[in-house]
Amino acid sequence: MTRTDQVAVLTPGVQPGVSLAQRLQRGLSALLLATSFVVAAPAFAQDVQADAGTATGADGGGEAAPAAPHDFAGDVQSMADAGFSEKEDLAGQIVQSGNPRAMTVLQALLDGKLYSNSDDGKVYIVGDAPDDATSLPVSDAITGETLKPMSPDDIDRIGTNNGLRKTLKVLIAQLKLNDPSATVRRQAVKEMMRDLDDSTIAALRERKAHETDPGVLKRIDAGLALGDLGGADADKQLAAATLLYGDLDDEVYNALKPLSTGKDTDPRVRAAALKAVQHVDFWRDIYNAAQTLFFGLSLGSVLVLSAIGLAITFGVMGVINMAHGELMMLGAYTAYVMQLLMPNHITAAVLLAIPAAFCVSGLAGVAIERGIVRFLYGRPLETLLATFGLSLVLQQLVRSIFSPLNRSVSTPDFMSGVWQLNDLFSLTWNRLYIVLFALIVFAALQLVMKRTSLGLKVRAVSQNRAMARAMGVRSQWVDAATFGLGSGIAGIAGVALSQLTNVGPNLGQSYIIDSFMVVVFGGVGNLWGTLISGMSLGVVNKLLEPYAGAVLAKIFVLVFLILFIQRRPRGLFPQKGRAAEG
Amino acid sequence: MQRRNLIRTMIAAVAAPLLMATSLQASAFDGEIKVGVLHSLSGTMAISESTLKDTVLMLIDEQNAKGGVLGKKLVPVVVDPASNWPLFAEKAAELLEKDKVSVVFGCWTSVSRKSVLPVFEKDNGLLFYPVQYEGEESSKNVFYTGAAPNQQAIPAVDYLMNDVGVKRWVLEGTDYVYPRTTNKILEAYLKAKGVKSDDIMVNYTPFGFSDWQSEVAKIKAFGSAGKKTAVVSTINGDANVPFYKELGNQKISAEDIPVVAFSVGEQELSGLDTKPLVGHLAAWNYFESVKSPANKAFIKEWHAYKKDPKAVTNDPMEATYIGFNLWVKAVEKAGTTDTTKVIDTLPGLETPNLTGGTAKVLPNHHITKPVYIGEINDDGQFDVVWKTKTEVPGDAWSDYLPGSKDLKSDWVTLKCGNYNTKTKQCVGQKN
């Protein structure tokens with residue numbers, strides 16, 4: 001293993017950094033692709049400075065060194081060579097030692113910041129440092145004293161595994177029970193409920209005696225009741241089951257469920273448990289339905305995003321553009337390049353990628369229209385073949401420039417994680433934002449088509465080219481602009497997709513069929529049709545998935561579509577009147 | 001006129017040193033041995049397979065620097081089957097019949113291997129297949145240097161069952177031959193261990209599946225029944241990234257529902273932000289993080305070859321490394337590149353693997369491999385949490401499937417790939 005690699009291993013939590021030279025190189029290759037990057041130069045200059053700025057930041061130096069009891073120091077010391085189950089015991093002993101540094105040490109172990117030196121057997125806590133740092137800020141784990149920075153080669157991380165991490169979380173939660181913040185305490189109780197035993201129950205009891213916050217008190221009561229449910233005393237069980245009525249927590253449900261059907265349960269307890277379980281079941285059904293609906297809408301909005309650009313090039317102009325997926329791919333790679341250029345501003349990079357991707361894919365679209373498509377108007381088969389060939393060329397181009405490997409685009413913090421509405425219902429932020437984003441893009445596009453002179457001309461040319469030209473519309477210019485607009489929207493869709501799936505050369509391929517499906521189903525030439533059809537296909541797909549499985553659901557949807565097109569060849573919302581003949 | 005002259009001069013200027021270089025090199029060797037490389041360099045599988053092409057080229061360079069094989073220079077013949085399964089067969093025929101290569105290193109997906117199998121058997125070629133696969137196959141002309149199910153899937157399930165205490169199982173896979181066969185074996189194995197059918201959920205998704213919301217929600221619901229649940233994932237290729245992203249988004253942590261993957265290695269993780277995935281597992285016979293002198297040297301060489309200090313290594317690369325070294329040993333021992341003789345020499349040969357152990361070729365054309373279970377850490381590598389004490393011999397025919405448990409593969413004494421031990425008959429290809 002080379003040195004750089006070890007550095008990467010020793011600095012957890014830090015994104016693998018990119019060296020200046022590499023960034024330059026990648027930036028250059030990116031510029032080949034994204035010829036229109038005006039923002040590139042200033043953004044690049046900015047993050048070199050930002051890089052230099054983050055190279056500091058030691059941890060744990062501020063705490064006063066306490067007089068450590070003998071066993072605490074010994075336990076921490078033993079962590080260095082212990083097996084995973086020994087470490088669990090040691091962690092328990094560290095908590096019992098009551099040492100004020102117990103939490104710091106356990107948290108460091110959980111975060112992978114606890115290191116040991118095999119020569120002197122000492123244990124250290126390592127602070128934050130960039131990937132390629134040659135020295136790490138360290139402090140003594142036992143005393144908290146800040147020491148001289150050390151080379152990553154001299155110390156080894158003390159490893160954890162899933163079981164140990166779970167134990168650590170519960171232990172830390174126990175320590176956090178006395179935290180001044182009520183929110184932290186509530187979280188701590190919730191964490192402890194996942195793994196109740198005598199010692200955690202005792203800790204909860206003790207806390208209950210002097211807890212003042214009603215919210216925390218309620219959680220503690222629930223936790224204690226959960227403990228009682230497992231006991232043998234029927235009266236306590238009954239009280240617990242009654243108290244837990246209305247609690248939607250999984251642990252509670254799983255504890256009540258066997259009581260509600262158990263043969264040797266006290267009948268009163270069984271009735272109370274059954275009532276509580278039925279209550280949860282009822283809400284579970286409702287929230288499951290809501291969740292499925294949300295999944296459907298979010299799949300639908302991805303479909304709408306990828307299809308809406310096509311609705312313009314295919315729907316309005318009648319060009320079968322098989323390279324549409326690759327224009328999305330270009331957009332996704334633009335997001336990746338933006339992130340390379342400004343690695344320390346992920347949110348800004350994603351937001352800036354939206355206009356950048358519009359420009360890159362839009363210009364690529366204009367180039368395709370001027371270079372290929374315009375010679376093939378009125379010859380759909382040849383257009384299809386030419387653009388299909390072009391899609392292969394674009395894929396291979398990306399493979400040569402960026403390598404065939406998938407690239408990762410980080411998700412900004414505000415988009416990751418879930419919005420936990422209650423114990424049963426949560427929405428993932430990234431999907432929620434993408435639904436919103438799809439609606440915004442749709443609204444913006446509607447505005448462009450209905451309220452701007454470009455939109456007017458586009459509609460005029462698509463309805464009656466000869467007449468529009470007679471009125472002085474430069475139809476060639478309008479063609480190029482329309483194609484560019486459709487392609488630009490595809491680029492924006494690519495940015496959204498980069499948050500959900502792989503950024504790789506095959507990105508476009510997986511969406512092109514779906515896009516055509518949505519446009520044809522919605523009715524060619526109708527943006528509203530695209531919106532409705534995308535959303536409804538998404539919902540139908542997600543409704544079928546739990547029963548039929550992902551593979552069959554997709555087949556059913558396709559079969560349904562084929563049958564539908566047989567009956568209504570012009571889709572859901574066919575164009576009417578004269579436009580239909582054009 | 002002038003321009004044409006200019007072009008001519010340029011060609012001459014470029015060609016002269018090239019010619020000189022080749023003639024110089026040729027003089028150091030006593031002839032050539034052609035080595036076929038059959039990995040997709042374009043299409044879906046390029047992401048995984050192009051790395052193996054580079055690995056073979058690196059190994060060939062290295063071997064030539066050591067003086068080649070039998071004093072002859074190794075010359076790679078690289079073809080691109082473009083992730084197109086029928087094209088694999090065509091390209092294999094091209095390598096064996098037109099280029100007359102002595103050995104082929106290639107294939108990744110099982111469907112590509114199945115596609116080239118008849119070609120290798122017809123032309124009596126020699127294929128080294130470097131990827132973990134579903135077993136249930138044995139060919140005289142193929143050496144399987146990747147893991148059979150008993151060298152990856154079964155030990156991984158054992159680890160989860162005994163060390164983690166998993167009681168409920170989700171078998172989640174991509175819809176094609178490898179996941180379906182592996183899951184069939186695993187289901188039979190779990191039931192043999194007393195797991196009830198209620199506690200097993202099997203689920204398939206299409207290739208390149210990207211909308212994992214409902215699937216992950218289903219796993220979450222299945223896992224919230226109070227018993228320790230784990231996901232055994234045979235999800236292949238691109239679909240992994242959105243799958244893991246969705247796991248992270250829905251806050252399914254490895255402490256609650258660990259996912260053990262058979263197709264996710266360092267290479268796949270290098271395209272991912274691994275912070276939400278910390279603790280999820282993978283079972284392989286090699287991890288880049290395993291500390292051994294051989295591995296250290298190999299990684300160093302790979303970085304130098306790729307001119308990228310961040311290039312990762314993975315299990316199929318190690319399998320390619322083992323396969324290549326075994327072939328070199330066999331050719332040197334046999335004193336010829338004649339396929340039949342090399343195939344007969346290979347069983348019994350040993351070569352060090354990269355993790356400090358030994359890979360031995362078995363009569364069934366599989367090799368011995370150690371099994372490692374690793375947890376994903378936050379810099380895209382695996383921390384080894386469990387390993388087998390010794391190397392596990394690869395088994396071509398699973399002991400847990402009704403059709404295959406009586407079958408035995410032995411190309412040394414029985415000279416048969418699928419000998420039925422009950423009927424005492426060779427059912428398929430014979431030597």
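1. Leaving aside residues up to four places away in sequence, Thr55(B) is in contact with Phe298(B), Trp302(B), Met317(B) and Thr320(B). The model is a predicted one.

2. Thr55(B) belongs to helix α2 of chain B, which spans residues 46–65. Its relative accessibility is 0%, and because the cut-off for buried is under 20%, Thr55(B) counts as buried.

3. Helix α11 of chain B covers residues 315–334, and Met317(B) and Thr320(B) are among the residues that Thr55(B) touches. Helix α11(B) lies across β1, β2, β3 and β4 (127–129) of chain B, and runs at about 175° to β3(B).

4. The sheet in chain B is open and has five strands, in the order β2-β1-β3-β4-β5, with parallel pairing. Its edge strands are β2 (73–79) and β5 (142–144) of chain B, each of which pairs on one side only. From one strand to the next the twist averages 25°.

5. Within this sheet, strand β1 (residues 32–38) and strand β3 (residues 103–106) of chain B run parallel and are joined by four bridges. Opposite Val37(B) stands Phe105(B), in β3(B).

6. A further helix to inspect is α3 of chain B, residues 85–98. Helix α3(B) lies across β1, β2 and β3 of chain B, and its direction is at about 180° to β1(B). Strands β1, β2 and β3 of chain B are also among those that helix α11(B) lies across.

Definitions and conventions
Residues are numbered from 1 along each chain as its sequence is written. Chains are lettered from A and ligands numbered from 1 in the order in which they are written. This is a predicted model: local features need pLDDT of at least 70, side-chain atom pairs count only at pLDDT 80 or more; totals for chains, interfaces and linings use all residues. Side-chain values use heavy atoms; hydrogens and water are left out. Two strands pair if DSSP finds at least two bridges between them. Helices (H or I, at least four residues) and strands (E, at least two) are DSSP runs, numbered from the N terminus. Axes are lines fitted to C-alpha atoms, for helices over the stretch in contact, and angles run from 0 to 180 degrees between N-to-C directions. Contact means heavy atoms within 4.5 Å. Buried means under 20% relative accessible area, exposed over 50%, partly exposed in between (1.4 Å probe, protein chains only).
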